[in-house]
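The sequence and the model follow.

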Amino acid sequence: MTAVVGAKCRESNKVVAKVVPDTKKKTLQEFVDDVTDPETVVYTDDAKAYEGIPNPHQTVKHSVSQFVDGMAHTNGIESFWAMLKRGHKGTFHKMSPKHLQKYVNEFSGKHNFRSLGTLDQMRDTVASMIGRNLLRRNLTACNGLDNYSR
């Protein structure tokens, strides 16, 4: 199973998202550890995988329809997931596992500079492309899946 995990900083409004092999406790907690400082308060839903995070930690209980409890909510990252899902359903229709991280990077990048003006967005987009390319042979090479999806 492949999954996408993400976090949104409430101070900067920046999103970090990453394709991970699973949603097990070890995987999710390593992600949280990688993207936060030890004193950062982490807000999550009530998934068991988040139990025992060493950071200060507050949860909302989505399993009983609780979505806000004081400062505890996941609304910021949920808006990112909604944008990613709209891109999947409305534009791309299929995101192959082979290129999933590229799609995630595109949407997190769009999210992270959406407050910039058009010219600044264009400048930052072009600057981020320097030294990066995706050759057609790499794009269309078989990825080893049984269905040969690319």
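Which residues does Phe 80 touch, not counting residues up to four places away in sequence? The model is predicted, and in it Phe 80 touches Val 15, Ala 17, Val 104, Phe 107, Ser 108 and His 111.

**Nonpolar cores**

Phe 80 belongs to the largest nonpolar core, a set of 12 residues. The most is given by H2, with five residues. Apart from this core lies another, of 10 residues, including Ala 3, Val 5, Val 32 and Val 42. In soluble globular proteins, nonpolar side chains tend to be buried together.

Helix H3 runs over residues 100-112, and its 13 residues should span 18 Å at 1.5 Å a residue; the end C-alpha atoms are 18 Å apart, which agrees. Leu 100, Tyr 103, Val 104, Phe 107, Ser 108, His 111 and Asn 112 are the buried residues of H3. Because they cover an arc of only 165° around the axis, they lie on the same side of H3. Among the elements that cover these buried residues are strand E1 (3-8), strand E2 (15-20) and helix H2 (75-92).

H4 is followed by Gly 131, which has a positive phi, near 80°.

| Residue | Relative accessible area | Class |
|---|---|---|
| His 111 | 3% | buried |
| Ala 7 | 24% | partly exposed |
| Lys 94 | 44% | partly exposed |

His 111 is placed in helix H3. Buried means under 20% relative accessible area, so His 111, at 3%, counts as buried. Leaving aside neighbours within four places in sequence, His 111 is in contact with Lys 8, Asn 13, Val 15, Ser 79, Phe 80 and Met 83.

Ala 7 is in strand E1. Not counting residues up to four places away in sequence, Ala 7 touches Lys 14, Val 15, Val 16, Phe 31, Val 35 and Ile 77. Ala 7 and Asn 105 are 98 residues apart in sequence, and their C-alpha atoms are 13 Å apart in space.

Lys 94 is found in the loop between H2 and H3. Lys 94 and Gln 121 are 27 residues apart in sequence and 26 Å apart in space, C-alpha to C-alpha.

**The largest pocket**

Where does the largest pocket have its centre, in terms of the residues that lie nearest? Gly 6, Ala 7, Lys 8, Val 42 and Tyr 43 lie nearest the centre, out of 37 residues that line the pocket. The elements that give two or more residues to this lining are E1, E2, helix H1 (25-35), strand E3 (42-44) and H2. The volume of the largest pocket is about 980 Å³.

Note on methods
Residues are numbered from 1 along each chain as its sequence is written. This is a predicted model: local features need pLDDT of at least 70, side-chain atom pairs count only at pLDDT 80 or more; totals for chains, interfaces and linings use all residues. Side-chain values use heavy atoms; hydrogens and water are left out. Helices (H or I, at least four residues) and strands (E, at least two) are DSSP runs, numbered from the N terminus. The expected span of a helix is 1.5 Å times one less than its number of residues. Buried means under 20% relative accessible area, exposed over 50%, partly exposed in between (1.4 Å probe, protein chains only). The arc is that of the directions from the helix axis to the C-beta atoms. Contact means heavy atoms within 4.5 Å. A nonpolar core is a set of buried Ala, Val, Leu, Ile, Met, Phe, Trp, Tyr and Cys residues joined through side-chain atoms within 4.5 Å. On a 1 Å grid over the protein atoms alone, a cavity is a set of points where a 1.4 Å probe fits but cannot get out, and a pocket is an open set with protein on both sides within 12 Å along at least five of seven lines; lining residues have an atom within 4 Å of a point. Grid points are joined across faces, edges and corners, and a volume is the space filled by probe spheres set on the points.
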